[in-house]
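Trainee: Hi! Could you walk me through this structure in plain words?
Mentor: Happy to, so let's open it together.

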Amino acid sequence: MQNIIEYVQNKFNKNIKYSFNTGDTITIDYEIKEGERIRLQSFKGIVIQCKTNTFTLRKISGNIGVERIFMYNQPSIKNIEINKKGNIRKSKIFYLRKLKGKKANIKEKYK
Amino acid sequence: MLGIIGKYIGMISLYDIHGISIPCSIIKAGPCTITQIKTIDKDSYCSIQLGFEHKNEKNTNKPLKGHFKKANTLPHKKLVEFTGYFPNLKLGDNIKVNIFHENELINITGFSKGKGFQGVVKRHGFSGVGESTHGQHNRLRAPGSIGAGSDPSRVFKGTLMAGRTGHERITIKNIKLIKIDIEKDLLIVKGSVPGYKNSYLIINKIINGSKSI
């Protein structure tokens, strides 16, 4: 049963496996439509959760927290760049929402 | 109308040309074998019987073995009849997903998930009696009155009450067929289908010109 679902994913979706995880800082370039024109927009933020089909990014823009949900197979995503690997203990870091400034930083993971 | 027997595999999201996600169900349908053809002369109505998924011969009883031997096929797990006259189909023919085409509307029949003994709010969509606050208690999901008092002196038949819910035969009409995979016998339809994973489904073509069957 799982094989069939995998087969359909590979055949009809792009099904790219990304190597980022919760706590990483990534930049996504995605297409947006403005009337007739299509242009690329980038969103840089921290991954606060990874689900089976979606993941959530959080960034602070002008003192206001902004969160966006993306899908792994979303056709509008053109490029994903991993800027920083984060050293975290939880897979869902919602505690970041309550923190500000220096405390909202995540330590970098060195190999 | 001609159809096919299938099995529900699971759900997935695909994307259309505008990049909007469509929730889709995967159905493994066919290949089905014709195990019996009923005619007006013999049975006073026309239909074909299709068999789906092979079964161990050891687990088949003698009457069924004879039935499959007549059609010269292996024993099948699931048998379903489709009414209609199909002059170019013969006993033992295989029916595959290529009887359908993409963007077609189809009907899907199956058994819904069993939900056990449920109250009237879930079973019949009652809205309950009272509120949760303002001094009230245990009236939030209550059925209310079930009839008048001394005049009929009884409860009318068919009054909606709590009871076993689900596991009913359900047909969902006009489901859009999004993709067909002929290599692996898969149908991908928009939205959900009745029943559990691995439960049997009957997929019917809709008669030309009319939306409902």
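Mentor: A term to start with: buried means under 20% relative accessible area, exposed means over 50%, and partly exposed is in between (1.4 Å probe, protein chains only). Helices (H or I, at least four residues) and strands (E, at least two) are DSSP runs, numbered from the N terminus. This is a predicted model, where local features need pLDDT of at least 70, side-chain atom pairs count only at pLDDT 80 or more, and totals for chains, interfaces and linings use all residues. Residues are numbered from 1 along each chain as its sequence is written, chains are lettered from A and ligands numbered from 1 in the order in which they are written, and side-chain values use heavy atoms, leaving out hydrogens and water.

Trainee: What's the secondary structure of chain A?
Mentor: Chain A has 1 helix and 5 strands, in the order α-β-β-β-β-β along the sequence.

Trainee: How much of chain A is buried?
Mentor: Buried residues are 35% of its 111 residues. The C-alpha atoms of chain A fill a box of roughly 45 × 40 × 25 Å along the principal axes.

Trainee: Switching to chain B, where is T73(B)?
Mentor: T73(B) sits in the loop between α2 (62-70) and β5 (76-83) of chain B.

Trainee: Is T73(B) buried or exposed?
Mentor: Buried, because its relative accessible area is 18%.

Trainee: What is T73(B) in contact with?
Mentor: Leaving aside neighbours within four places in sequence, T73(B) is in contact with T33(B), I34(B), T35(B), F68(B) and G92(B).

Trainee: Now I146(B), where is that found?
Mentor: I146(B) is in the loop between α3 (120-124) and β9 (163-166) of chain B.

Trainee: Why does I146(B) count as partly exposed?
Mentor: Because I146(B) has a relative accessible area of 39%, and partly exposed is the class between the two cut-offs, under 20% and over 50%.

Trainee: One last thing: where is K115(B)?
Mentor: K115(B) lies in strand β8 (residues 114-118) of chain B. At 39% relative accessibility, K115(B) is partly exposed.

Methods:
Contact means heavy atoms within 4.5 Å.
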